[in-house]
Amino acid sequence: GRQIYFQGGHVKARSRTTAALAAAFAAIVAVTGLASAGSAQDQLTAALISDVGRFNDKSFNQSQLEGLNRAKARLKVKTIPLQSNSDADYIPNLTTAVRRGADLVVCAGFLMAADCAKVANRFKDVQFAITDYPVNIPPFANAKGKILTKNVTGLTYAAHESGCLVGHMAALMTKRAGGRQV
């Protein structure tokens, strides 16, 4: 779920996406052993690289930035948000994040897959994650599904499950409007 609002039902998928990204940061920290030992020099630094939608898109990139900010506030991680204004910014932004000391770099969307794989293969000691892209397919794996880029985690969601809810909402709106009940 990207950005779905139902005023009467109070369903806010964007806030779930934000929470999911913050939870993903926590999970990656736990799984990869990046949790700090308590000293400031051991503090996790997480970077988020937007895709071309930019951080003020009121959607996908903005939700992820909110998740990064939540991780900063609640998990006390250092953050490096870098906005991509075009796809030509992906590799420079990814490289900048690594050079600024990011322990974890999140690529905000499937459009960044090829560049994320390229940079992750170059910096194997840094953990990467990519939103909306599984890592068991190219460019992170071969055609048989063998993962080739082991320092990347795919952050995928069951976005298709919102279809039932949207269909139900449409049916209720049609019924309320007195239209033909199909």
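Biologist: At what distance does the side chain of Asn151 reach the backbone oxygen of Val126?

Modeller: This is a predicted model, in which local features need pLDDT of at least 70 and side-chain atom pairs count only at pLDDT 80 or more, while totals for chains, interfaces and linings use all residues. Residues are numbered from 1 along each chain as its sequence is written, and side-chain values use heavy atoms, with hydrogens and water left out. A polar contact is a pair of N or O atoms within 3.5 Å; within protein, one must be able to donate a hydrogen and the other to accept it, and residues adjacent in sequence count only if both atoms are side-chain atoms. The side chain of Asn151 reaches the backbone oxygen of Val126 at 2.8 Å.

Biologist: Which residue has its backbone oxygen 3.1 Å from a polar atom of the Asn151 side chain?

Modeller: Asn151 lies in the loop between strands E6 (127-131) and E7 (152-155), where strands (E, at least two residues) and helices (H or I, at least four) are DSSP runs numbered from the N terminus. Not counting residues up to four places away in sequence, Asn151 touches residues including Phe123, Lys124 and Phe128, a contact being heavy atoms within 4.5 Å. The backbone oxygen at 3.1 Å belongs to Ala120.

Biologist: Is Asn151 buried or exposed?

Modeller: The classes are buried under 20% relative accessible area, exposed over 50% and partly exposed in between, with a 1.4 Å probe and protein chains only. The relative accessible area of Asn151 is 6%, so Asn151 is buried.

Biologist: How far apart in space are Met112 and Ile49, C-alpha to C-alpha?

Modeller: Met112 is placed in the loop between strand E5 (104-107) and helix H4, and its relative accessibility is 0%. Beyond four places in sequence, its contacts include Ile49, Tyr90, Leu94 and Ile130. Met112 and Ile49 are 63 residues apart in sequence, and their C-alpha separation is 9.2 Å.

Biologist: How many nonpolar residues are in the contact of H3 with H4?

Modeller: The axes of H3 and H4 (residues 113-122) come within 9 Å. The contact is made by residues including Ile91 and Leu94 of H3 and Cys116 and Val119 of H4. Ala, Val, Leu, Ile, Met, Phe, Trp, Tyr, Cys and Pro count as nonpolar, Asp, Glu, Lys and Arg as charged, and the others, Gly among them, as polar. By class, there are four charged residues, one polar, and nonpolar ones numbering five.

Biologist: In which element is confidence highest?

Modeller: Confidence is given by pLDDT, from 0 to 100 for each residue, and its mean over the protein is 79. The lowest mean, 31, is in strand E1 (residues 5-6), and the highest, 97, is in helix H3.

Definitions and conventions:
pLDDT is the predictor's confidence in each residue, from 0 to 100. Axes are lines fitted to C-alpha atoms, for helices over the stretch in contact, and angles run from 0 to 180 degrees between N-to-C directions.
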